[in-house]
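Me: I would like to go through a structure with you. Could we take it step by step?

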Amino acid sequence: MAKVKLGDFEVTLNGELPEVGSQLPDFLLADGDLQNVGILLEKLEESSGKSADALESSIVRICLKDSNLEVRNSEVRRILVQEAPTGEYRKRILRILGYLGGEKAWNDLKRILDGNDSDGRKAVLQTIGSWPNGDPLKTLFEIVYNEKDEVIKRLAFRAYILLLSGPSSLSDESKLAEIKDLFEQKFSRNDQLILIGALASLATESALQFVDELGVKNERYKKVINRLKDIRVSQIAHKDVKGYYANNFDLSLIHISEPTRQAEISYAVFCLK
């Protein structure tokens with residue numbers, strides 16, 4: 001039996017957590033704070049199914065309320081490093097960490113991505129695309145480029161694309177060089193179109209020159225490339241894009257960021273028709 005503080009109230013957790021749709025997960029989502037995370041992690045270890053899903057989501061949302069990366073990930077890291085969780089609980093811990101950021105947490109997750117634990121790598125890759133900065137980009141690129149396991153390769157590719165337009169110490173020229181290398185891989189046409197779309201986030205003339213070269217080599221890409229060239233890279237770089245795409249392009253929304261993402265790093269992915 002444990003008590004969790006929800007705003008000005010305390011709620012006693014005794015027995016099984018109610019299923020999704022009950023009030024407790026909603027209260028935790030709205031009013032929980034970091035001091036509750038330890039208790040919720042204990043309940044997460046005991047839970048499964050929808051109850052565990054609700055707890056996992058609530059823990060992520062509570063942690064993301066704190067802007068200090070090393071503070072907000074500390075209790076989840078402690079579980080991973082000191083308690084060595086196993087099975088489904090370990091996967092959930094890894095997925096939670098994938099949202100939270102922090103240098104120490106990244107070092108923990110990088111060791112897993114560089115290792116041979118297939119289940120652990122997949123769990124990390126499921127959420128690492130929501131990392132608050134571009135630290136994982138180099139590791140993700142290496143996985144996409146070298147990995148033999150197609151599931152892991154696909155998960156890494158998705159996360160890599162999601163992080164390309166975010167804040168990063170990696171220069172746009174370095175990102176362009178990596179994208180060029182990926183074009184040498186035998187990706188599907190759709191994946192190549194996604195890579196072409198990623199070039200729109202690069203504020204460099206070299207990126208535009210590269211898409212010109214692609215258009216010359218492959219007629220199928222010309223329509224997308226011609227529209228891509230019209231995108232004002234400076235407007236993207238300064239986030240001055242409100243209404244721009246809706247007014248100038250025939251777009252279809254295909255993906256939005258996870259609801260647990262902070263507003264500052266939320267995103268939407270559109271398909272150029």
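Predicted model: local features only at pLDDT ≥ 70, side-chain atom pairs only at ≥ 80, totals over all residues.

Me: Understood. Which residues of helix α5 are buried?
Reply: Helix α5 covers residues 74-83, and its buried residues are V76, R77, I79 and L80.

Me: And how are they arranged around the axis of α5?
Reply: Viewed down the axis of α5, the buried residues fall within an arc of 155°, so they line one face of the helix. As background, an α-helix has 3.6 residues a turn, so residues three or four places apart point the same way.

Me: What covers the buried residues of α5?
Reply: The cover includes α2 (37-46), α3 (49-64), α6 (87-100) and α7 (103-113).

Me: What follows α5?
Reply: The helix is followed by A84, which has a positive phi, near 45°.

Me: Back to R77. Which residue does R77 pair with in a salt bridge?
Reply: The partner is D108, and the side chains meet at 2.5 Å, N to O. This pair links distant parts of the chain, since R77 is in helix α5 and D108 is in helix α7, 31 residues apart.

Me: Are R77 and D108 buried or exposed?
Reply: R77 has 18% relative accessibility, so it counts as buried, the cut-off being under 20%. D108 counts as buried as well, at 6% relative accessibility.

Me: How many salt bridges does the structure hold?
Reply: The structure holds 15 salt bridges. One of them joins R154 and D191, whose side chains meet at 2.3 Å, N to O. R154 lies in helix α10 (residues 150-164) and D191 in helix α12, so the pair ties together parts that are 37 residues apart in sequence. R154 is partly exposed, with a relative accessible area of 38%, whereas D191 is buried at 5% relative accessibility.

Me: Which residues are joined into one network by shared partners?
Reply: Salt bridges that share partners join D53, E56, E88, K91, R92 and R95. Among them, R95 forms a salt bridge with E88, the closest N and O atoms being 3.8 Å apart. R95 is buried, with a relative accessible area of 13%, while E88 is partly exposed at 42%.

Me: New topic: where is L195?
Reply: L195 is in helix α12 (residues 189-198). At 0% relative accessibility, L195 counts as buried.

Me: What is L195 in contact with, leaving aside its neighbours within four places in sequence?
Reply: L195 is in contact with F157, I161, I179, L182, F183 and F187. The C-alpha atoms of L195 and L182 are separated by 8.4 Å, and these residues are 13 residues apart along the chain.

Notes:
Residues numbered from 1 in each chain as written. Heavy atoms only, no water. Buried < 20%, exposed > 50% of the residue type's maximum accessible area, 1.4 Å probe, protein only. Helix = DSSP H or I, 4+ residues; strand = E, 2+ residues; numbered from the N terminus. Arc of directions from axis to C-beta. Contact = heavy atoms within 4.5 Å. Salt bridge = Lys/Arg side-chain N within 4 Å of Asp/Glu carboxyl O.
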